[in-house]
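Keep the sequence and the model side by side for this walk. We begin with the backbone, then turn to the strands and the packing between them.

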Amino acid sequence: GLGGGVVMGRAIHADLTTAQQSASSTPYMRLGFHSRDRAITRTYQTTDSPNRIVQVQQAEGRYGSYTLLQGKPFVVSSIIRLQNSDNALGGLDFKGYRVYVEWGYNTASGNRASRSGPEFVLSQELVSAEGVDYLELYTASLWELASLMLVNITNDSALFNVVGRLIITQ
């Protein structure tokens with residue numbers, strides 16, 4: 001739990017626990033994106049200027065932590081909305097990237113966050129709302145992605161690789 005000092009079996013920094021319990025703490029978020037070959041890493045934080053993180057909706061859990069979204073052929077674990085008014089993100093393709101969502105607070109010893117499990121970007125859309133442009137990313141958790149895989153139907157690892165690549169690149 002958040003107030004108990006341990007999240008998912010990991011100890012968290014004492015300053016983070018104190019900030020979680022404070023009524024006046026400042027939230028902090030970090031998104032770490034890694035390409036499939038891990039050659040490219042992109043990081044966005046709420047302390048960046050400009051702050052591109054507008055909204056993150058995340059369903060976290062080992063199994064069944066997802067939302068069904070109309071028009072998406074997969075379950076969605078997170079919807080990440082990044083500000084794109086300058087069109088700096090318009091030419092980027094995040095599909096297949098692994099993303100770590102970190103929730104935390106600004107503490108006495110700096111920004112502290114707790115990392116969620118890995119998720120994978122399966123789809124992205126450029127959207128506009130009230131004249132502001134955004135990039136929306138739709139992710140599936142590792143557990144939900146694994147549930148989409150065809151396993152134990154054949155010993156043909158080539159089939160598994162093709163199906164896995166197909167899901168990641170949709």
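This is a predicted model: local features need pLDDT of at least 70, side-chain atom pairs count only at pLDDT 80 or more; totals for chains, interfaces and linings use all residues.

In which loop does Pro50 lie? Pro50 belongs to the loop between strand 4 (41-45) and strand 5 (53-58). The peptide bond between Ser49 and Pro50 is cis, with omega about 0 degrees. Most peptide bonds are trans, and most residues other than glycine have a negative phi.

Take Arg38. Its phi is positive, about 60 degrees, although Arg38 is not a glycine. Look for Arg38 in the loop between strand 3 (26-34) and strand 4. Is Arg38 buried or exposed? Arg38 counts as exposed because its relative accessibility is 57%, and the cut-off for exposed is over 50%.

Now take Asn87. Here too phi is positive, near 60 degrees, in a residue other than glycine. Asn87 sits in the loop between strand 6 (78-83) and strand 7 (98-107).

How many of the 6 residues of strand 6 are buried? The count is 5, so strand 6 is mostly covered, with buried meaning under 20% relative accessible area. Strand 6 also has pairing partners. Strand 5 runs antiparallel to strand 6, and 5 bridges join the two. Within this pairing, Gln55 has Arg81 of strand 6 as its bridge partner. Strand 10 (residues 132-141) also pairs with strand 6, again in the antiparallel sense, over 6 bridges. Leu82 stands opposite Leu135 of strand 10. In a regular strand, side chains alternate between the two faces of the sheet.

Next comes the packing. The largest nonpolar core has 17 residues. Those with the most contacts inside this core are Leu31, Phe33, Tyr44, Ile80, Leu82, Phe94 and Leu137. Which strands each supply at least two residues of this core? They are strand 3, strand 5, strand 6, strand 7 and strand 10. The largest share comes from strand 3, with 3 residues.

Neighbours within four places in sequence are set aside here. Phe94 is then in contact with Phe33, Tyr44, Leu135 and Leu137, among others. The list also includes Arg42, Val121 and Gln124.

Terms used:
Residues are numbered from 1 along each chain as its sequence is written. Side-chain values use heavy atoms; hydrogens and water are left out. Helices (H or I, at least four residues) and strands (E, at least two) are DSSP runs, numbered from the N terminus. Buried means under 20% relative accessible area, exposed over 50%, partly exposed in between (1.4 Å probe, protein chains only). Two strands pair if DSSP finds at least two bridges between them. A nonpolar core is a set of buried Ala, Val, Leu, Ile, Met, Phe, Trp, Tyr and Cys residues joined through side-chain atoms within 4.5 Å. Contact means heavy atoms within 4.5 Å.
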